[in-house]
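User: I want to learn how to read side-chain pairs and helix packing in a model. Can we work through one?

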Amino acid sequence: MYPSLSAQGTYTLSVSSLNEQIKALLESSFTRVLVEGELSRITFHSSGHIYFTVKDASSSLSGVMFRGNASKLKFNLEEGMKVILDGAITLYKPRGTYQINCFDIQPSGKGTLALAYEQLKEKLFEKGYFESSIKKQIPKFPSKIALITSASGAALQDMLKVAKGRYRALQIDIYDVLVQGDAAPQAIVKAIQIADLKTYDFMVVGRGGGSLEDLWAFNEEEVADAIFKATTPIVSAVGHEIDYLISDEVADLRAPTPSAAMQMCLPDTNELLLNLDSISSQFSQVISQKLVNSKSEILHLTELYAGHSIEKKLEHKMQEIKVLKDSFFHAIDMRVNIAQNQLKSFKSMLESNHPKLKNKKGFAQISKNSQVIDIAMLELGDNFEVQSDEIFLSAKVIKKEKI
């Protein structure tokens with residue numbers, strides 16, 4: 001529609017014409033602007049577009065980020081977040097309002113990747129991805145492992161070199177994947193999922209050093225999800241020792257470098273052989289000592305058995321009988337000797353008291369009723385006998401007086 005001339009000689013514009021002119025003026029004048037402010041009223045549309053308002057203490061401005069640009073954001077837009085918008089000013093003709101069409105959004109005062117890392121780390125922490133209690137153990141003596149990395153990278157050669165030097169009895173399968181760039185996360189996820197269907201003792205996911213942007217594939221949520229959901233133990237070996245990535249936090253074991261992963265997870269054959277020699281020596285010593293102890297125990301048991309055998313018991317009883325027999329005859333001998341000594345003593349006493357052996361002058365044996373008595377036992381009128389060595393007399397007591 002063309003403008004018409006008014007009665008006052010000025011042109012009259014339609015609303016659409018005015019908005020069109022303003023739109024052309026704004027979009028030609030503000031083709032690239034950087035605006036800093038605080039995000040609010042963020043809407044994530046089902047189409048993939050993001051609508052929001054950016055404001056400061058006294059003003060606000062509408063903004064939009066269309067799906068193509070929104071898909072490239074490394075971090076999540078959050079209410080109250082201070083950002084720098086990179087875009088162009090446009091006018092939305094139907095409502096006559098202008099807005100900023102954002103090509104890129106950067107967090108104010110903090111790097112985009114650093115913020116994205118912190119946001120994802122916090123999200124996965126709340127989901128329990130970092131729990132130490134669910135970490136799977138790496139087998140001590142693996143027989144088959146998978147390396148998920150770039151087949152042309154130096155990291156693979158480092159890992160193979162260490163593995164060859166430490167532990168040859170090992171099957172190593174290599175999954176060649178992109179380790180940087182937009183296509184890398186999906187390639188890594190697919191390799192993890194395929195390897196997890198096989199019977200590996202563990203798998204190593206990693207690459208050599210590089211910038212944060214180079215390593216960013218291992219900070220992607222889809223890679224973290226694949227590591228967390230895998231049933232096979234996973235070792236994250238990305239970059240250098242100073243590099244910490246989301247994959248390190250989610251994996252069952254974090255290795256500071258790819259070669260360190262092999263040193264940490266594979267036993268050293270030479271050390272094993274030394275340990276085997278030491279164990280063999282200790283085993284020999286233990287067995288020898290066991291044999292000595294067993295021999296001593298058998299000897300002791302043999303002696304105990306001999307001491308408690310029937311033959312030993314009979315021998316012991318025979319010895320007891322012999323002792324008793326000897327004791328019996330010894331007692332008899334003692335009794336006989338005592339009796340003989342007593343007999344000798346009595347005989348000696350008898351002989352010493354025999355009238356024939358006594359002093360004959362003035363002495364004679366007095367008896368009454370054929371029994372030898374003392375003279376004091378005689379009473380007045382008693383008949384008694386008096387006997388010496390040569391004479392026997394019968395007499396009667398006619399007088400008894402005490403002297």
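Predicted model: local features only at pLDDT ≥ 70, side-chain atom pairs only at ≥ 80, totals over all residues.

User: Which residue forms a salt bridge with arginine 32?

Analyst: Aspartate 86 does, with the closest N and O atoms 2.4 Å apart. Arginine 32 sits in the loop between α1 (15–29) and β3 (33–44), and aspartate 86 in strand β6 (residues 82–92), so the pair ties together parts that are 54 residues apart in sequence.

User: Is aspartate 86 buried or exposed?

Analyst: Buried. Its relative accessible area is 13%, and the cut-off for buried is under 20%.

User: How many salt bridges does a search of the whole structure find?

Analyst: The search finds 10. Among them, aspartate 248 pairs with arginine 254 at 3.6 Å, N to O. Both aspartate 248 and arginine 254 are buried. Another joins glutamate 401 to lysine 399 at 3.3 Å, N to O. Here glutamate 401 and lysine 399 are both exposed.

User: Now helices. What describes two packed helices?

Analyst: The angle between their axes, and the distance between those axes. Take α4 (residues 154–166) and α8 (residues 258–265): the angle is about 25° and the axes are 7 Å apart. Angles under 35 degrees count as roughly parallel, and α4 and α8 are therefore roughly parallel to each other. The crossing of α4 past α8 is right-handed.

User: Which residues make the contact?

Analyst: From α4, Ala155, Asp158, Met159, Val162, Ala163 and Arg166; from α8, Pro258, Ser259, Met262 and Gln263. By type, the contact of α4 with α8 has six nonpolar, two polar and two charged residues.

Note on methods:
Residues numbered from 1 in each chain as written. Heavy atoms only, no water. Axes fitted to C-alpha atoms, helices over the stretch in contact; angles between N-to-C directions. Helix = DSSP H or I, 4+ residues; strand = E, 2+ residues; numbered from the N terminus. Parallel < 35°, antiparallel > 145°, perpendicular 65-115°, else oblique. Left-handed = near helix turned anticlockwise from the far one by under 90°. Contact = heavy atoms within 4.5 Å. Nonpolar A, V, L, I, M, F, W, Y, C, P; charged D, E, K, R; others polar. Salt bridge = Lys/Arg side-chain N within 4 Å of Asp/Glu carboxyl O. Buried < 20%, exposed > 50% of the residue type's maximum accessible area, 1.4 Å probe, protein only.
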